[in-house]
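Morning, everyone. Let me put the chain on the screen and walk you through it.

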Amino acid sequence: MIRIALVEDEAEVRAQLQGYVQRHTRQYGTEFAVTEFADGMELLDDYRPVYDILFLDVEMKHLDGMETARRVRELDKDVIIVFITNMAQYAIGGYAVGALDYVLKPVPYFAFSQQLRKAEEQLRRRARHYLALPVEGGMRRLDSSLIYYLESEGHRVHFYTEEGDFVAAGTLKAFEEKLAERPFARCNSGYLVNLAQVKGVQQGMVQVGPYELQVSRPRRKAFLAALADHIGGEGA
């Protein structure tokens, strides 16, 4: 269940957006719990970081959306903020509060639904994902976001991670399948790279955390496409 806070001072617009959320659920199957607020002060009164997505009107009477967002960020660094505004230039300041994006009034269903999809994808990327790895003497539980890359060595795989380096039994292909829903891609036949750890690609080399790995010619196009998709999916 994804939790949405909807802050909008026009009751008609709140009702419309509630309808859009329900329509989105019918279309895509994602379940939402929506809490409505008539202004920023109401949201901030006893605010707790329990929401996943915040749809926030920019032009409100008592406390405008930008100031509301700044105060929310002091209490909640993780909530995804999407501004609702009459004029695009009012939302430019959203980058200062880490806003995902904005939608223009009158809000069409398609634009609203696209922002929901984008926010859902960001939430999915944030979700913790663990691997249970067969290591010498037992098992190891590893947060996949901490991996820099995996290296194949026959029926063993070397893991290079923020928690140190170690070896697990298995094949690179098997671990690639386990990480299929995570942002990993091969830069060559022997390396599986965590795209979230990539710092840059230059002259046939990819910088992954503190490591530099070769990008093979046969894998280059697919690897760069996967990297571009990952970066594009992160939003603002």
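Helices here are DSSP runs of H or I with at least four residues, strands are runs of E with at least two, and both are numbered from the N terminus. Pro106 sits in the loop between strand 5 (101-104) and helix 4. A cis peptide bond links Lys105 to Pro106, with omega about -10 degrees.

Some ground rules. This is a predicted model: local features need pLDDT of at least 70, side-chain atom pairs count only at pLDDT 80 or more, and totals for chains, interfaces and linings use all residues. Residues are numbered from 1 along each chain as its sequence is written, and side-chain values use heavy atoms, with hydrogens and water left out.

Now confidence. pLDDT is the predictor's confidence in each residue, from 0 to 100. The chain averages 91, and 94% of the residues score at least 70.

Next, a backbone point. Asp46 has a positive phi, near 60 degrees, and is not a glycine. Look for Asp46 in the loop between helix 2 (40-44) and strand 3 (53-57).

On to packing. The axes of helix 1 (residues 11-28) and helix 4 come within 10 Å and cross at roughly 65 degrees. Axes are lines fitted to C-alpha atoms, for helices over the stretch in contact, and angles run from 0 to 180 degrees between N-to-C directions. Contact means heavy atoms within 4.5 Å. Helix 1 contributes Leu17, Tyr20, Val21, Arg23, His24, Gln27 and Tyr28. From helix 4 come Tyr109, Phe112, Ser113, Leu116, Arg117 and Glu120.

How do the residues of this contact divide? Seven are nonpolar, three polar and three charged. Ala, Val, Leu, Ile, Met, Phe, Trp, Tyr, Cys and Pro count as nonpolar, Asp, Glu, Lys and Arg as charged, and the others, Gly among them, as polar.
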